[in-house]
Each structure stands twice: as structure tokens, then as C-alpha cells.
Amino acid sequence: MTAIAHPSGHHEEHYPGGLLRWLTTTNHKDIGTMYMTFALVMFFVGGLMILAVRAELFQPGLQLMQPEFFNQLIGVHALVMIFAALMPAATGFANWMIPLMIGAPDMALPRLNNWGFWLLPPAAILLTLPFMLALFGIGDGAIATGWTFYAPLSVQGGMGIDFAILAVHILGISSIMGSINIIVTIFNMRAPGMTMMKLPLFAWGWLITAFLLIATLPVLAGAVTMLLTDRHFGTHFFNAAGGGDPILFQHLFWFFGHPEVYILLLPVWGLMPHVISAFSRKPTYGYTAQVYSFIAIGLLSVVVWAHHFFTAGMPVPALIYFMFSTMSISIPLAVLFFCWIATMWRGAMTFETPMLFAVGFIVLFGIAGLTGLVLADVAADAQYHHSYFVVAHFHYALFAGGIMGVMTGVYYWLPKWTGHMYSEKLGKLHFWLTVVAFNLTFIPQFFLGLAGMPRRIPDYALQFAEFNAISTVGAFILGLSQLLFAWNIWACVRGGPKAEARAWEGADGLEWELPSPPPHHSWETPPVIR
Amino acid sequence: MEQASLPSQDNSRLIRRLLLLVAGAFVFAFALVPLYDVLCRATGFNGKTATGFATGGLPTQVASPAQPRAAVDRSRLVRVEFTGTVMPGLPWDMRPLQFSVELHPGEMQQVSYLVRNLSDKPVTGQAVPSVSPGQAAQHFEKIECFCFEQQTLAPGEAREMPLAFIVKPEIGADIAQITLSYAFFSLDGQRQTLTRNREEK
């Protein structure tokens, strides 16, 4: 890194060596790298858990584990993937890219940034520690309610639930600090001349995510705090015997839980136009329309939560309201889809790995949207609720939409971060294996759901055997092919062909004006925006 | 950061506002608890009746049973079904003596549940009612109910627990059937029982 000519020169890259550098760093690039690394590690941790689940589901009957352990695995898998893999990955992108893209020297609150990251490892340990403790005969394992903590089960369960509640508190504090940092950076640190409507779409997507996090994560924190006091301090928020109401928990949880879906997806929708425009060699189509779509989706996302529990019992007017408001989200979302496709329209397209992932994302995320409309329909939902149809739907949204979107961004910006080109051959192999294995895993789950197989149950009736076997084979191919991803990143960090400042010829944006990798301190003199 | 003098002032103002938003959202979560209760009561959402246990076990508007009711609607019949569940941790058994009755809106009706203590200890329980469909809940008025207070049964005791109610004539014309359901909870250390269940595993 020191070999790179330093434009402003007067700042030396002074930081302690070894572990201390990473513990004490306030540099947005270092912190971004730590977030991304943490996310990748937790992605494999969560993946291993679900492979154990899929192995159990390979055949009907109980072969590998007891139902209690199965329940713990599915709940912790979801919590790890959402809070410890996808959200940190998105925050990692924000840390690395937002200052580079808006011409800021660093994040606005660098020390808060360091703290925000270092809260994550303790939280991850809290989430997974009950598994280890159970091995030594302490407690009865991790949270076994699924990631949704539904009362009254979560009021009654073992200490794994307390661990998960505290982990969620810590993860929430970390996310809120990250969000405050991002909002302040975007509002106050833009290069001169960069108006809000010249802001890169990635920053816009993250801005909406940050506001959603600030508005809804405290509600989740409040809900799990009530759960904690119900469990240990004799309150009766959710305990019907004391006049509480378990359904209230569902309202509180999904008031956070539904915006959470968009919290995970908005950063991805933000980075997508950059990639599509770069590999179509055309400017982004419909910038303004996309910005207003982001805002509309952000606003709508907080008023539709009850569609997650239509079957809990609701007056018909409420059902109808939540059905139509949910369906109306598809309108701004369709605007985004049309903008992505219109950007590609008649472009000089090439299909490097990021573009393959972007196109794969559009197709598969489209399936998530369409199956979501089916679930939003009150009449249809009564049949599909809590079935594998739901599982398949949200994995199309969060794996194909979330994780594959993150992979799009990783491949797109990896040359910028490391200064090396990754192996295009391995990247393409990774894409095709992922996309085929993903569909092999989850298409059968749509059929299983339509046929009535309930989710979160370790055993199933014989007629579901074939599709479950196919799904398990797909899941193992999917899991193993992610090793290619990790290897490709590792190899790219270690070496490879030198990346140009503008690593992709069609790429546009301030980050490509800097050398690859950018110097430790960048944009000390703010760029001038035309 | 060279240009930091002005932005740092902006920063702290913005941070304060954002922190206020965080605090507001946290308070909002707790404010939802009473708000939700009010909403349920006003709309019958969730089958909560206006005279439920949550109001402290007493009917909000005490109606004298002797007072003649405004016009009994003889033109239609509503069917009321009774059901009950004993929650885990309460060693009881309950069933309605009649599974359903048909009545005219405005007419007072009395029914009973037979509740037995299966254990060899005195046990106290509390019944929590729920009316379905939710739209019927606000027109379902319990005049006398064993759910208004805690019930203690001696070892092995069986007791008929009475319930008197009126379905108000204002009830929607589209509602022909109402289900009244009770969940009986143990009040004697529900937590201990749960812990014991876990230890027995």
C-alpha cells in the first residue's frame, strides 16, 4: 500500500501493526474490510447450521438430531444470516464505498464506527454460545423458537432465549450506531457540488435503510425487552394469564420485521444500477424515479406489517387494508425493475461475473416478488401460511435478492478494494453453480409448500420425500460452491493481475477516479463535482 | 479533516436529532401496549370483550340483570357456541354443560361450565375469555361470569361455574354464530410448573 503515490502527501499512513491495528482503527476502509470479513465468516457459520438441517430433512423420520436441536438450528441460522451476515455485509459496503463515492475523507464519526463493528463479535458469540454450553451440560441449548421469538413459547423457553435477546440488543445498538454514522456522513460530508439528487444511488439506498433502522430497530429492542421482563421480572406484556396478549408480540415484532426485509434489500437495490450501468455502458436509466421508489418503499414498509400473521385472526377490514397496502409495494418495486431493464436496453452489454450476478439477481428476485404477491393475498395466504412456500419465497428474496446482490457488489468492487483482478473463470463458475444449486434447492420447496408441507418441522409425511431429497442435494451443492467464492476473494487479496483505477471500462463514479487500491487516506482534498 | 469546523457543529445537531428519533421509536414500542389494548377494545380486534379480565376482573359498565333490556329482537336467532381450554400447568379439566344455545339478540341467557380439579391440592385459576368473530365481541355482554374473579378449587372438587350474558340487538345482521372460548390459566406459580416440566424432560 505504501508504494502508492500519495496525492496530498502530508499524511503518513501511520497505524500500529498486527492485531492492534484492527482493534483500534478508525479508518473507514479498515472497518469496511472487517465488516465484510465478519459477514463472510458468519455466512459460513449460518450455512453450516442449515446444511445440518437439510441433512436431517434428506429423508423422512429422525436420523441425525432431536427435534429440539433442529429447532435451535433453524432459529439461529436465521438470526445469524440476517443480523450477522447480511446486515454487516451491507454496512461493510457502506463503510468502504460511501466515503469514496461521495468524495468524503472518511465517515463522519470514525470512533463510533470502530465501536459499532467491535460490538458484533461479542453478539455473535452470545448467539452461538448456548450450543457450546449445552455440550457441557449447561442449559438446554440455543433459542428454539425460530428467529421470530413468538410469545408465549419464548416466554417459557430456556436460557438460550435470554442469550438471543441480549445478542439482538447488542446487534441493534451496533446497527443504530452504524446508521447514525451513515446518515451524518451523507448529509454533511458530500463533496462540494454534490447535491442530494446527484448522490450515487447506492448512497440513496443506504440512506433509506439507515432511517428505517433508526425507526424500527428500537421497536424490536423494546419488544425483546418486554419479553425479557416477562421472563424474569414478573411483567405480563405477552402472558395471557396475567392479562397480556401474545398477539401483541407479533405486532411489535413485525413492525420491525417487515421493514427489516427492505433494510436488507435497499443497499442491494442501490448498488445494482451502478453495476448494470457499468456493464451495459450506458448511464443509469430513471435516476429520479429510482430515488422516489426507494423513498416510497421505505414509507410503505412500515405500514404493512400485519400481512405476516393474517391467520392470527383479524377483522376483515384490517385484512383488506394490509392486503392492499402490501400489494401496493409492488408498484415502486416494479419501477425499479423497469429501470434496471431499461438501463440494459440496447446497451453494449458484456457478462463479467458482477453482471452475471446482477442479471441473475433480477430474474430470481423477480420470482421472490411475484410469489410475495401470492402470499399477500389473504385468501391464498390462509393455505400457504407457515408452509415451505413461505420458506422458498423469502429465500428467493433474501438469498437471491440479498446475498446474490451482495456478491454482485463484492465482485464489482473487489478490484477497487484489493488492487487485483479476481479470477474471472472461477467467478463465472461460482455464479453458475450458485444459480443452478439455488434453484435446485428452492424450487422443490415451492412445490412442497403447495402440497402442504409445514415449515420448521424436523419430520414429514412420505409423499414429500423426493422433493426434500432434491432440495437437500441442491443445498449441499450451493453450500460447497460458496467455498469457491471465499477462495476467489482470498486469492484476489493475495495477488493477481493489477487492477486499473477504473477497473471496469464502463464504470462511472468518484470511486473509480482513485487508484486501486485507494490510498489509506483518500479524498483529503474533496473532488470537484461537475 | 480540514473543513471540519463547520460540519462538526452540524454533525452534533444531526446526531442529537437522530438519537431523539431512536429514543422516540423505543418509547413508541412501549406506547403500543396501551394503544393496542384500546384498539382491541374499540374494535373487538382479537376477540377482546369490553368486560374482560384485563380491566381488573370487573365489568366496566355494571348492568343490573333485573333491569329490563331494550327490545329483544325476536325476528332473528343467534347461535352461541361454548368451548374451553385448560392451559398447561393447571391440573384441571373443563367443559361446557351445553355446547351451544340459540337465542334472540337482547335476551339474557345463562349457561355453565363444569370445572374439576384433578389434583390432590387446592389450586387457583383464572379464566380469560375470547369471542370470535372479533366484530361480535363488542356486542357480547357478560353480566355474570366466573372469569370476573379468580377461582379456587379444593382437591378433587368439581364445580359448576355459571355465566350469564346478552348478545346486544345492535349486533351486525351478518353474524349468525358466535363462539365464546375460555382459556383457564393457573395462578399458582405458573412459572414453577413450567420449570418442573422442563426438568422432567
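1. Within strand S9 of chain B, B:Ser181 is the bridge partner of B:Ser130. Strands and helices here are DSSP runs, with helices (H or I) of at least four residues and strands (E) of at least two, numbered from the N terminus. The pairing to which this bridge belongs joins S5(B) and S9(B) in the antiparallel sense over eight bridges. Two strands are said to pair if DSSP finds at least two bridges between them. The model is a predicted one, in which local features need pLDDT of at least 70 and side-chain atom pairs count only at pLDDT 80 or more, while totals for chains, interfaces and linings use all residues. Residues are numbered from 1 along each chain as its sequence is written, and chains are lettered from A and ligands numbered from 1 in the order in which they are written.

2. The second pairing of S9(B) is with S1(B), in the parallel sense and over eight bridges. Here B:Val80 stands opposite B:Ile178 of S9(B). Strand S1, residues 78-86 of chain B, also pairs with S3(B), in this case in the antiparallel sense over four bridges. One of the residue pairs is B:Arg79 with its bridge partner B:Glu102 in S3(B). As background, strands of a sheet pair through backbone hydrogen bonds, either parallel or antiparallel.

3. Chain A is built otherwise: 17 helices and zero strands are found in chain A. The C-alpha trace of chain A spans about 70 × 50 × 45 Å along its principal axes. Because a compact globule of 530 residues would have a radius of gyration near 24 Å, the 23 Å of chain A agrees with that expectation. The radius is taken over C-alpha atoms, and the globule rule is 2.2 Å times the number of residues to the power 0.38. Of the 530 residues of chain A, 55% count as buried. A residue is buried if 20 or more other C-beta atoms lie within 10 Å of its own, exposed if 12 or fewer, and partly exposed in between, with C-beta atoms placed from the backbone.

4. Two residues are in contact if their C-beta atoms, placed from the backbone, lie within 7 Å.

5. One helix pair of chain A deserves attention. Helix H3 (residues 67-102) and helix H9 (residues 246-280) of chain A pack at an angle of about 35 degrees, with their axes 10 Å apart. The contact is made by A:Ile82, A:Leu86, A:Met87, A:Ala90, A:Phe93 and A:Ala94 of H3(A), together with A:Leu264, A:Pro267 and A:Leu271 of H9(A). These residues divide into nine nonpolar, no polar and no charged. Ala, Val, Leu, Ile, Met, Phe, Trp, Tyr, Cys and Pro count as nonpolar, Asp, Glu, Lys and Arg as charged, and the others, Gly among them, as polar.

6. Which element gives the most to the side of chain B that touches chain A? The contact takes 32 residues from chain B and 30 residues from chain A. On the chain B side, the elements giving two or more residues are helix H1 (5-43), strand S5 (123-132), helix H2 (134-137), strand S9 (177-186) and helix H3 (190-200). H1(B) gives the most, with 17 residues. The chain B side divides into 23 nonpolar, seven polar and two charged residues.

7. The loop between helix H5 (120-135) and helix H6 (153-156) holds A:Pro152, and the peptide bond from A:Ala151 to A:Pro152 is cis, with omega near 5 degrees. A:Phe149 lies in the loop between H5 and H6 as well; its phi is near 60 degrees, a positive value in a residue other than glycine. A:Phe149 is buried, with 27 other C-beta atoms within 10 Å.

Definitions and conventions. Axes fitted to C-alpha atoms, helices over the stretch in contact; angles between N-to-C directions.
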